[in-house]
Amino acid sequence: MAPQRRAGAKAPEGGGGGGGGGGGSGGARAEGRRRLSSGVKGNVPKDSRRKWLKVAFLLSSAMLGYLLSGTYFLSEDGVTEVLAHYSEHLPDRFIEIPCSEDYDSHKRFEGCTPRKCGRGITDAIIKREEAEKIRRIAERGLSLGGSDGGASILDLHSGALSLGKHFVNMYRYFGDKVHDIFTEEDFQLYRDVRQRIQQKIALAFGISSSSMYLTKPTFFSRINSSEAKTTHDEYWHPHIDKVTYGSFDYTSLLYLSDYTEDFGGGRFVFMDEGANRTVEPRAGRVSFFTSGSENLHHVEKVQWGTRFAITISFTCNPDHGIGDPVLT
């Protein structure tokens, strides 16, 4: 377009005296107007294309921002959706999903065995202050032992405690020393929290809480970034609770520390076809779900800090039920 503007500004050849000069100037102006008009018309398609390119760029940027915003983001396995951010307080969130056939290979118990399956998250039934008290129970108990690797467990029911590369029964191994670590108030708080979680699960799945039984293993976990020493330390493998523990019908986790503040990594991941869906731990947050292969899951490796949680599991089969822990 620039050469045309320069050509329009050039005086025409053959301009004569005053009259001729005047006529030549008018012709130049007319020619310039024609050329300028032609140039504007030639710019319209390019301007239009620029506008469309700008719109396309903005749309693609907005989509990318949405995917990376924390609600959805791209992972090596595809799209990952965050079901619960650590920074938000969720009164209640429940997602119903089709049940797997896993329950058909076990004895069914009417009014309890899952016919409605899904997963839920709530920050409304356990206060953060209570979660902090429970975490201190875990810290005191695990101070007696702890794994050489990154994952340690403490089971108040059976007494199982990680110690080096093995497990011991802390009630027998440490004897009366246990009474210096725990109080009856600790165990009462533990039982009260368990009951509230059980009632929440029953309400969400439309069953009677009295038809559910606590089952094993139910335990505290402490996970850090230390290298695994035994297979017990390899907590990050995908698994199905109903397959790993045949007694499980409903699984719950109570988180006792905060993602990004107390530790990095360590998110809970539901592995669905075509997408992963994660729960970011938050002290006092309860995540619960039916235990079949409709809820294949794993925990990300902890990258730094320490992650505390309790796994509390329930069965519909009274033969697999266990009692609440009692400090004797």
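Analyst: What follows goes through the disulfides one by one. The model is predicted, and a search of the whole structure finds 2 disulfides. A disulfide is a covalent bond between the sulfur atoms of two cysteines.

One of them is formed by cysteine 99 and cysteine 117, whose sulfur atoms are 1.9 Å apart. This pair links distant parts of the chain: cysteine 99 lies in the loop between β3 (93–97) and β4 (117–122), while cysteine 117 belongs to strand β4, and the two are 18 residues apart. The angle about the S-S bond is 105°, and the link of cysteine 99 and cysteine 117 is right-handed. Cysteine 99 has a relative accessible area of 29%, so it is partly exposed. Cysteine 117 has a relative accessibility of 1%, so it counts as buried.

The other disulfide joins cysteine 112 to cysteine 316, with an S to S distance of 2.0 Å. This pair also links distant parts of the chain. Cysteine 112 is in the loop between β3 and β4, and cysteine 316 is in the segment after β17 (307–315), 204 residues apart. Here the angle about the S-S bond is -80°, and the link of cysteine 112 and cysteine 316 is left-handed. Both cysteine 112 and cysteine 316 are buried.

The pairing can also be read along the chain. With the bonded cysteines numbered in sequence order, the pattern is 1-3, 2-4.

Key: Residues are numbered from 1 along each chain as its sequence is written. This is a predicted model: local features need pLDDT of at least 70, side-chain atom pairs count only at pLDDT 80 or more; totals for chains, interfaces and linings use all residues. Side-chain values use heavy atoms; hydrogens and water are left out. A disulfide is a pair of cysteine sulfur atoms within 2.5 Å. Helices (H or I, at least four residues) and strands (E, at least two) are DSSP runs, numbered from the N terminus. Buried means under 20% relative accessible area, exposed over 50%, partly exposed in between (1.4 Å probe, protein chains only).
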